[in-house]
Amino acid sequence: MTQTQLAAEPGPLSFAPARTALIVIDMQRDFLEPGGFGETLGNDVSLLQAAVGPCRIALGAARAAGMLVIHTREGHRPDLSDAPPAKILRGAPSRRIGDPGPMGRILIRGEPGHDIVAGLYPEAGEVVLDKPGKGAFHQTDLAQILQNYAIDTLMVCGVTTEVCVHTTIREGNDRGYRCVAIGDACASYFPEFHRVGLEMIKAQGGIFGWVSDANSFAEALTAAEQAA
Ligand code: TIU
């Protein structure tokens with residue numbers, strides 16, 4: 001099986017594209033566009049645009065290499081039966097989960113705001129995984145999907161760095177996956193949290209993962225194709 005080397009921190013990582021999945025976390029209108037969940041929490045959603053271009057690079061490279069691509073969407077059933085009251089009642093948002101907004105009901109499956117942004121829309125054959133929590137493993141069939149494809153390495157990008165990306169990488173690490181944050185393809189409403197969030201992953205010799213970037217990921221896949 002073809003192996004390739006990824007430039008990453010705290011050190012390079014050798015991985016097999018055939019055993020690797022690209023997981024694009026929650027690049028949804030609810031987080032990236034005005035009028036959605038992110039804005040109801042008081043955030044400047046324009047900050048997340050920084051991740052879109054690098055996500056496109058990572059997605060394009062994974063597609064060209066025939067890698068497993070998984071898109072996640074955070075959201076809930078229309079009847080809110082899977083939304084913990086502790087989550088719905090948290091804080092003082094301008095609109096709560098389930099309330100009507102300009103992109104439909106906030107963070108509800110099937111509503112326009114729950115959909116993935118146009119520039120990163122899933123292609124036929126890619127996995128779209130709906131998740132009720134911050135982590136992509138919590139109450140989803142992600143573990144089964146990864147097992148079915150014999151995946152051992154996760155390349156993770158999307159939003160937000162310190163919330164859903166971090167939670168998913170922590171969950172994946174504890175389950176035995178080698179997890180890489182594609183750093184420039186992640187973003188946060190808090191630039192400092194983004195920076196420190198990436199630092200946390202790769203500190204202590206890579207305590208729960210690696211950090212790379214979209215171009216390095218694409219170069220590693222190109223090298224793998226040339227070696228095959
Ligand atoms: N608010 C925030 O930073 N993030 C979330 O609520 N969900 C995700 O990170 N997807």
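The structure is a predicted model, in which local features need pLDDT of at least 70 and side-chain atom pairs count only at pLDDT 80 or more, while totals for chains, interfaces and linings use all residues. Residues are numbered from 1 along each chain as its sequence is written, and side-chain values use heavy atoms, with hydrogens and water left out.

**Residue T153**

- T153 lies in strand β8, residues 153-159 (strands are DSSP runs of E with at least two residues, and helices runs of H or I with at least four, numbered from the N terminus).
- The relative accessible area of T153 is 0%, so the residue is buried (under 20% relative accessible area, with a 1.4 Å probe and protein chains only).
- Beyond residues up to four places away in sequence, T153 is in contact with L13, F15, R19, T20, A21, Y177 and R178 (heavy atoms within 4.5 Å).
- The side chains of T153 and R178 form a polar contact of 3.1 Å (a pair of N or O atoms within 3.5 Å; within protein, one must be able to donate a hydrogen and the other to accept it, and residues adjacent in sequence count only if both atoms are side-chain atoms).

**Pairing of β8 and β9**

- Strand β8 runs parallel to β9 (residues 178-187), joined by 6 bridges (strands pair if DSSP finds at least two bridges between them).
- Within β9, R178 stands opposite T153.

**The sheet**

- An open sheet of 6 strands has the order β7-β4-β3-β8-β9-β10, with parallel pairing.
- β7 (127-131) and β10 (210-212) are at the edges; each has a single partner strand, so one side of each lacks a neighbour in the sheet.

Definitions and conventions. Buried means under 20% relative accessible area, exposed over 50%, partly exposed in between (1.4 Å probe, protein chains only).
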